[in-house]
Amino acid sequence: MQLDSTQTQRYLPLRDHNVVLGVTGSIAAYKAADLASKLVQQGAAVDVILTESATEFVGPTTFAALTHRPVTVGLFGANSALSIDHVALAMRANVVVVAPATANTLAKIAMGLSDDPLGATILATSAPIIVAPAMDGDMYDNPATQWNVQVLRERGVHVIEPGEGRLASGLTGRGRLEEPARIIEHMRWVLGRGGDYSHRRVVITAGGTQEPLDPVRYLTNRSSGKMGYALAEAARGRGAEVTLITTPTALPDLVGVTMVKVNTAREMHREVLQASADSDLLVMAAAVADYRPAKPAPQKIKKGDEDTLVLELARNPDIITEASGQRLVKVAFAAETMNAAENAKTKAVSKGAAFVVANDVTEAGSGFGTDTNRVAFVDAQGNVEQLPLMNKLTVAHAVLDRAQRYLSR
Ligand code: PMT
């Protein structure tokens with residue numbers, strides 16, 4: 001990925017992507033308007049195709065206003081992008097997403113019917129196809145629908161399982177359309193396939209470890225997990241098979257990433273050693289406690305008469321130093337408050353890392369909790385590559401670009 005002067009501007013992950021959004025006749029069609037809006041905000045060019053029954057729930061004007069593009073309803077309508085060239089949208093699409101997808105539409109796609117613009121586009125496209133079903137729970141669970149879903153999966157269509165909850169019928173069941181933000185995550189995952197990290201296994205750590213003092217207290221640090229999650233998102237977006245080993249954070253789980261939840265350094269140690277043995281890359285962005293309370297109290301520690309309380313600490317394992325694998329490349333982070341480059345060089349050597357990502361955590365907009373970071377890559381020879389302040393996703397891509405140099409061919 002090229003870094004340019006827009007690095008610190010808002011990152012548009014779907015810039016240069018043409019999305020065909022198929023909307024079908026479900027009450028959840030109103031959520032498709034939000035989806036279209038979010039896609040546009042992320043930089044995508046969005047062509048909407050409505051089925052006739054979708055127009056009973058939401059009109060073309062809504063989508064035209066949100067996407068600034070004509071909306072296709074019938075095959076031969078004046079506004080139809082297909083009236084002159086019936087495969088125009090199919091050819092242009094980088095991805096086709098049908099959300100919501102009714103039972104009827106799933107059946108039609110499975111059968112290969114092309115009696116409407118959506119069916120024709122799906123038949124003609126070579127772009128990945130994503131469907132997000134929404135319907136009554138009994139309809140979704142019906143063997144006919146399940147059969148169609150299975151047929152689509154076998155053909156390589158990416159099916160976003162509907163959620164459980166209260167449905168328009170008033171009943172509770174499995175049939176709720178996935179939330180637009182999550183649908184976009186699926187899209188970004190699918191779009192990443194075939195990227196420069198395809199067939200690579202990548203292990204990332206995130207967050208600050210929590211070392212128990214007693215049943216209600218723990219020692220931790222200010223890590224929000226943002227840097228590690230950005231790395232996982234970037235690696236997923238480049239086709240990697242990603243395992244994210246994370247402590248509790250306020251961030252939502254990432255779609256398409258194996259999420260492993262831990263609390264303590266020793267739990268992280270166990271999971272990292274296991275996951276990285278058969279992986280290509282380990283990036284340790286987590287802030288790991290070097291020490292833990294030696295003897296966590298079995299009961300809540302009571303306030304006594306003493307003015308001071310001495311806490312005995314025991315050393316934690318150094319996770320990155322111990323992680324190993326036949327083809328494993330290791331990248332450490334270094335949270336420094338002074339002499340960042342010098343300390344990072346020492347860490348690269350002592351931890352066996354290909355390079356260290358040094359961030360001065362005292363600098364404004366850098367380090368813990370921020371959306372941006374200013375990092376330098378430092379290797380064991382002391383070579384330093386300083387990067388400007390960038391959002392964490394851009395930093396993550398730069399780390400992956402650099403790591404490519406060390407990965408086995
Ligand atoms: O989560 P955010 O709010 O986005 O903040 C991001 C961050 C500031 C936490 C991140 O950018 C960062 O700097 N992470 C590393 C923090 C750290 O623990 O640095 P360190 O210098 O103490 O450790 C050096 C390296 O050894 C790190 O890769 C660390 O994960 C690893 N380590 C440390 C101790 C230990 N016992 N085992 C380890 O593997």
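The model is predicted: local features need pLDDT of at least 70, side-chain atom pairs count only at pLDDT 80 or more, and totals for chains, interfaces and linings use all residues. Residues are numbered from 1 along each chain as its sequence is written, and side-chain values use heavy atoms, with hydrogens and water left out.

## The nonpolar cores

Let's start inside the protein. In soluble globular proteins, nonpolar side chains tend to be buried together. A nonpolar core here is a set of buried Ala, Val, Leu, Ile, Met, Phe, Trp, Tyr and Cys residues joined through side-chain atoms within 4.5 Å. Buried stands for under 20% relative accessible area, exposed for over 50%, and partly exposed for anything in between (1.4 Å probe, protein chains only).

The largest nonpolar core has 38 residues, and Leu231, Leu244, Leu281 and Val399 have the most contacts inside it. At least two residues of this core come from each of strand S8 (201-206), helix H9 (226-236), strand S11 (241-246), strand S13 (281-284), strand S16 (329-336), strand S17 (355-360), strand S19 (375-378) and helix H13 (392-404). Helices (H or I, at least four residues) and strands (E, at least two) are DSSP runs, numbered from the N terminus. Apart from this core lies another, of 32 residues, including Val23, Ala28, Ala99 and Ile183.

Which residues does Val399 touch, not counting residues up to four places away in sequence? They are Leu231, Val283, Val331, Phe355, Val357 and Phe377; contact means heavy atoms within 4.5 Å.

Helix H9 deserves a look of its own. Because 10 of its 11 residues are buried, H9 is largely enclosed by the rest of the structure. Among the buried residues of H9 are Leu231, Glu233 and Arg236.

## Around the ligand

How many residues surround the ligand? There are 27, and the closest are Ser223, Ser224, Lys347, Asn359 and Gly369. A residue counts as near a molecule or strand if one of its heavy atoms lies within 4 Å of it. The shell divides into 14 nonpolar, 7 polar and 6 charged residues. In this grouping, Ala, Val, Leu, Ile, Met, Phe, Trp, Tyr, Cys and Pro are nonpolar, Asp, Glu, Lys and Arg are charged, and the others, Gly among them, are polar.

Polar contacts are pairs of N or O atoms within 3.5 Å; within protein, one must be able to donate a hydrogen and the other to accept it, and residues adjacent in sequence count only if both atoms are side-chain atoms.

| Residue (backbone N or O atom) | Distance to a ligand oxygen atom |
|---|---|
| Gly225 | 2.8 Å |
| Lys226 | 3.4 Å |
| Ala335 | 3.4 Å |

On its own the ligand has 770 Å² of accessible area, and the protein covers 96% of this. Accessible areas come from the Shrake-Rupley method with a 1.4 Å probe; for residues, only the protein chains shown count as cover. The elements giving two or more residues to the shell around the ligand are H9, helix H11 (319-322) and S16. The largest share, 4 residues, comes from S16.

## Individual residues

Ser276 sits in helix H10 (residues 265-276). Is Ser276 buried or exposed? Ser276 is buried, with a relative accessible area of 0%. Its side chain reaches the backbone oxygen of Val272 at 2.5 Å. Leaving out residues up to four places away in sequence, Ser276 touches Val203, Ala323, Ser324, Gly325 and Leu328.

Gly119, in helix H5 (residues 117-124), is also buried, at 11% relative accessible area. Beyond residues up to four places away in sequence, Gly119 touches Leu113 and Ser114.

Gly239 lies in the loop between H9 and S11. Setting aside neighbours within four places in sequence, Gly239 is in contact with Gly192, Arg193, Gly195, Tyr197, Ser198 and His199.

Now for some backbone geometry. Most residues other than glycine have a negative phi, and most peptide bonds are trans. Asp16, in the segment before strand S1 (18-23), has a positive phi of about 70° although it is not a glycine. At 69% relative accessibility, Asp16 counts as exposed. Asn339, in the loop between S16 and helix H12 (340-350), has a positive phi of about 45°. The peptide bond from Ala99 to Pro100 is cis, with omega near -5°, and Pro100 belongs to strand S3 (residues 95-101).
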